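Visitor: I have a model open and would like a quick walk through it. Can we take it by topic?
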Amino acid sequence: MSMTSMVVLGLSIATVLLLLGAFVATLRRDGKGRTTAPPAEVAPVETPLAAPVVVPGHVGSDYDDPRTIKVGDRIEVHGTPSRVRGAVFVSWQGQEWTEYVLEEGIARTRWLSVEVRHGLAGGDPPHLEVLVWTDVPTQGMVPAKSMLIMEGVEFFPIERGTAAFRTEGDTGYPERGLLDFADYRASDGRLLSFERVQGAAWTASHAEPLPPGSITIVSRAPN
């Protein structure tokens, strides 16, 4: 074999060895050097917080019980100071309610009615109904047995009758007697009531329902 052939053969062998080494190095990098992306972290599922529960207050413990109001007490109705000047205790067909005369300031009076309303059989449970009444001019109107219009609002009859009453304090009523009443309700829930005592002229009032806690007993009348 000539010298030139031996040189060519050596170069060929060297080239083959270099290629082989490069191939092996590539295999090693693929097996050890390639990094696999770590598995994505899955955020833990958080249990949603329960909605806040509003616990209704309890009359007598969380706020003053209007059924305990006495003549001579000083109270606040929606923050307005008043003195209880008198009370009318009414009974009609097994129902009982109390109407208080409130003196607000020098020449302003309003009525406050307190009644436990009993639902019908299988209906709503008994609930305390507290209403503050504001006089409206009747202009000689009498309570109709059907729909009537007062100040542009249609009112429909809900209850009427003749009830017995007794009074305490200064009410302008006799100590005992009978009163006629007729109650109406508008489609938007507004209330209207007519009353007359011992056959006198009819008077009328609009009612505003009071939510629990609207009445605060500031001080009690001396015994």
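Visitor: What kind of model is it, and how are residues numbered?
Guide: It is a predicted model, where local features need pLDDT of at least 70, side-chain atom pairs count only at pLDDT 80 or more, and totals for chains, interfaces and linings use all residues. Residues are numbered from 1 along each chain as its sequence is written, and side-chain values use heavy atoms, with hydrogens and water left out.

Visitor: How many helices and strands does the chain have?
Guide: One helix and eleven strands. Helices (H or I, at least four residues) and strands (E, at least two) are DSSP runs, numbered from the N terminus. Along the sequence the pattern is α-β-β-β-β-β-β-β-β-β-β-β.

Visitor: What share of the chain counts as buried?
Guide: 30% of the 223 residues. Buried means under 20% relative accessible area, exposed over 50%, and partly exposed in between, with a 1.4 Å probe and protein chains only.

Visitor: Switching to rings. How many aromatic pairs are there?
Guide: The search of the whole structure finds six. Rings of Phe, Tyr and Trp (its six-membered ring) pair if their centres lie within 6.5 Å; planes under 30 degrees apart count as stacked, over 60 as edge-to-face and the rest as tilted.

Visitor: Why is the pair of Trp-97 and Phe-181 put in its class?
Guide: The ring planes of Trp-97 and Phe-181 are at 80°, with centres 5.8 Å apart, so the pair is edge-to-face. This pair links distant parts of the chain, 84 residues apart: Trp-97 is in strand β3 (residues 95-104) and Phe-181 in strand β8 (residues 176-186).

Visitor: Are those two buried or exposed?
Guide: Both Trp-97 and Phe-181 are buried. Ring pairs also join them with Trp-92 in a cluster.

Visitor: What about Phe-194 and Trp-202?
Guide: They form an edge-to-face pair, 6.4 Å centre to centre with 80° between the planes. Phe-194 is buried at a relative accessible area of 0%, and Trp-202 counts as buried at 15%.

Visitor: Which residue lies over the face of Phe-89?
Guide: Arg-166, at 4.3 Å from the ring centre. The criterion is NZ of Lys or CZ of Arg within 6 Å of the ring centre and within 35 degrees of the ring normal.

Visitor: Now pockets. What volume does the largest one have?
Guide: About 700 Å³. On a 1 Å grid over the protein atoms alone, a pocket is an open set of points where a 1.4 Å probe fits, with protein on both sides within 12 Å along at least five of seven lines; lining residues have an atom within 4 Å of a point. Points are joined across faces, edges and corners, and the volume is the space filled by probe spheres set on them.

Visitor: Where is Glu-115, and what is it in contact with?
Guide: Glu-115 is in strand β4 and is buried, at 9% relative accessible area. Beyond neighbours within four places in sequence, its contacts (heavy atoms within 4.5 Å) include Gln-95, Trp-97 and His-127.

Visitor: And Lys-145, buried or exposed?
Guide: Lys-145 is exposed, at 72%, in the loop between β5 and β6 (148-150). Leaving out residues up to four places away in sequence, Lys-145 touches Pro-157, Arg-160 and Tyr-184.
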